[in-house]
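Hi,

Here is the structure I promised to pass on to you. Have a look at it first, and then read my notes below.

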Amino acid sequence: LEAAGSPLPPRELFRALGLPSRKQQAAMSRRLRAMIRDGQIITNRRGHYCLMKRLDVVTGRVIGHRDGYGFLVPDEGGDDLYLSPRQMREVMHGDRVAARPGPPDHRGRSEAKLVEVLERNTREVVGRYAKESGVGFVIPDNSRIAHTVTVAPRHAGGAKPGQIVVAELLEQPGRSNQPVGQITEVLGGADAPGIETEVAIRSHGIPHVFPDEVIAEAEGFGSRVAPSVKQGREDLRPLPLVTIDGADAKDFDDAVYCEPVGTGWRLIVAIADVSHSVTRGSALDDEARERGTSVYFSRRVVPMLPETLSNGLCSLNPKVDRLCMACEMHVSDEGLVTVSRFFEGVMRSHARLTYDEVAAALFEDDAAARKRVDRLLPHLEHLDAVFRALLKARRGRGAIEFDMPEVGFAFDRHGRIARATTRMRNDAHRIIEECMIAANVEAAKFLKTHRLPALYRVHAGPAEEGLEELALFLEAYGIRLKRRDKISPADYNAVVQQIRGRPDEALIETVMLRSLKQAVYQPANIGHFGLALTEYAHFTSPIRRYPDLLVHRGIRHLLRGGPAGAFEHDRAEMERLGQQCSASERRADEATREAMDWLKCEFMADKIGETFDAVVTGVADFGLFVQIPEFQIEGLVHISALGADYFRRDAVHRRLEGDRTGTRYQLSDKLRVRVAGVDLEERKIDFELADGAGRSRRKRRRRS
């Protein structure tokens with residue numbers, strides 16, 4: 001095509017390539033379709049193949065919006081392009097397309113016109129089945145999909161209106177038609193226990209069933225580490241390495257050991273050697289790359305690797321031999337790593353400990369807990385000592401220290417919500433966190449020093465617009481952000497320390513967190529803003545994160561004497577894998593957040609009419625967003641529920657003010673609210689002011 005200098009029809013292309021047989025042409029056609037998916041070529045309206053780079057088109061991924069429009073996120077980076085509702089008729093959220101940039105619309109947005117759909121992302125849709133005038137259709141649960149899926153009676157699969165179903169798409173949407181599907185699975189009613197997880201998994205296309213070949217490959221390794229593969233590795237089995245995780249954890253990635261050396265410490269972080277079993281090109285690797293990460297829901301875990309490996313052979317279970325990739329560090333009393341090295345080892349965890357029992361033994365002087373850890377107590381005390389040093393270094397560089405509560409739910413034996421739970425991190429969590437950060441930094445430095453293509457975990461600083469919004473928000477709470485022109489992590493951390501212990505601490509931290517850009521994976525190292533680090537990579541969780549597995553492969557390649565130029569993943573592939581892994585992480589975050597929102601609505605559904613203390617977290621033209629701090633549950637007090645008055649929004653002071661009464665509602669105001677309604681389908685909770693709340697506020701405001 002390059003040599004021809006013009007688009008070519010299929011026959012001329014086959015002739016130029018010397019492919020006379022139908023078999024050869026069929027094989028070439030498959031290759032051409034793959035090149036279209038990759039955005040290298042495209043077919044025009046006449047069916048001729050064209051070079052994409054010779055056309056004024058942009059390729060990228062479609063991001064849908066619940067209001068019907070969307071955006072095209074270019075593969076090559078740059079500003080997103082606006083897709084009007086008319087353009088979005090032909091595509092669905094997640095599709096890859098080629099589009100031609102057009103002139104800005106009346107709002108100044110650069111609008112795109114679709115040229116070609118390169119790759120369809122949606123094969124099935126989960127949602128509520130409905131029926132009108134004899135015609136069935138599925139209303140997608142994913143709000144980013146604005147289409148409804150038409151279902152013919154013969155394809156309804158016995159579903160009843162109102163049930164949550166899975167529909168396989170038989171026809172994709174077009175310019176003049178909605179998608180058509182057939183129901184392949186009925187998940188049940190909206191109140192069925194565990195339905196929120198099933199819906200989230202399918203709405204976001206999370207792979208949750210391992211193919212037979214993947215299971216067979218995993219089981220082929222057996223349940224024990226073969227003696228032959230231990231040869232040539234450093235033997236760490238005599239060292240009392242331990243794992244410290246949550247009480248419900250089943251896969252153990254990391255083990256730690258520490259001992260004092262001179263004026264500092266020798267710290268060893270041993271990580272499960274997943275890359276020994278999961279090699280490039282294997283069925284396990286293909287599946288792990290597709291999944292990208294394990295996904296943790298309240299009731300269920302969707303693992304990246306089959307449980308034979310994730311909970312078995314790769315997991316650092318106690319009292320059994322396991323292969324590991326270890327990082328040995330010498331840490332000074334100032335918390336600086338002075339020397340480090342990586343090596344392949346074989347280890348045996350001496351105990352499976354939990355955060356709570358370690359915290360009880362170390363910080364609560366709990367006699368029973370100290371007795372349980374027994375001879376390991378001195379080693380835990382060494383870990384605590386090195387943690388204090390690492391923490392000193394962390395605070396010295398000004399890293400942000402968010403410490404937000406984790407809200408969850410406990411379930412009864414029938415799968416119904418029994419109660420809401422709130423869990424705060426303790427210093428045992430922080431011990432492991434600082435040890436893992438130290439090892440991750442050394443991994444990044446090791447790969448960078450040897451100039452090996454690698455995926456770094458990077459975190460850019462906040463955008464100027466987000467920073468301005470944050471400053472205005474903080475001012476409403478009486479907090480001043482010292483610097484806006486050249487913000488640093490230390491400036492953020494100064495605010496975090498200032499609000500420590502306040503009742504609105506969690507709310508303010510949440511808003512601060514949202515002002516930051518999301519961390520991503522990429523081969524270009526730009527540092528990590530939140531941690532205030534110039535080099536950072538994910539090394540410590542290869543059982544549940546694909547980027548960590550890639551980092552392990554790079555380290556093993558170097559340890560075995562391989563040159564940087566001969567690594568099995570080049571920089572271009574790392575770029576693609578970084579984008580894929582970042583997308584998988586976002587997919588997992590969105591799925592777990594939506595499942596949690598469902599559970600919060602379910603939790604509040606039987607509390608209609610009950611009253612709670614709440615705080616105003618947002619002000620809009622149509623009402624107040626409020627949060628119940630006790631459960632981290634948010635909802636809306638509609639403007640019509642604020643009293644008999646005309647309320648107008650004061651954007652500068654972020655408040656609503658009544659014309660007649662002068663009543664004001666603004667950020668951080670404390671209100672007593674009543675649950676007015678719960679919409680499980682929309683994941684929305686409506687509140688109203690409890691009796692007397694409006695009157696007391698009016699009196700208070702009048703006196704002021």
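At roughly what angle do the axes of helix H11 and helix H12 cross? This is a predicted model, in which local features need pLDDT of at least 70 and side-chain atom pairs count only at pLDDT 80 or more, while totals for chains, interfaces and linings use all residues. Residues are numbered from 1 along each chain as its sequence is written, and side-chain values use heavy atoms, leaving out hydrogens and water.

Now the helices. H11 (residues 377–397) and H12 (residues 427–449) have axes that come within 9 Å and cross at roughly 70 degrees. That makes H11 roughly perpendicular to H12 (the word covers angles of 65 to 115 degrees). Residues in the contact (heavy atoms within 4.5 Å) include Leu383, Phe387 and Arg394 of H11 and Arg430, Ile431 and Glu434 of H12. By class, this contact has seven nonpolar, no polar and eight charged residues (Asp, Glu, Lys and Arg count as charged; Ala, Val, Leu, Ile, Met, Phe, Trp, Tyr, Cys and Pro as nonpolar; the others, Gly among them, as polar).

Next, please find strand S16 (residues 264–272). Nine of its nine residues are buried (under 20% relative accessible area, with a 1.4 Å probe and protein chains only). S16 runs antiparallel to strand S15 (residues 254–261), and eight bridges join them. Val261 has Gly264 of S16 as its bridge partner. Two residues lie between the strands of this hairpin, where Gly262 takes a positive phi near 60 degrees. Eight bridges also join S16 to strand S19 (residues 321–331), again antiparallel, with Trp265 opposite Val331 in S19.

Enjoy exploring!

Conventions: Axes are lines fitted to C-alpha atoms, for helices over the stretch in contact, and angles run from 0 to 180 degrees between N-to-C directions. Helices (H or I, at least four residues) and strands (E, at least two) are DSSP runs, numbered from the N terminus. Angles under 35 degrees count as roughly parallel, over 145 as roughly antiparallel, 65 to 115 as roughly perpendicular and the rest as oblique. Buried means under 20% relative accessible area, exposed over 50%, partly exposed in between (1.4 Å probe, protein chains only). Two strands pair if DSSP finds at least two bridges between them.
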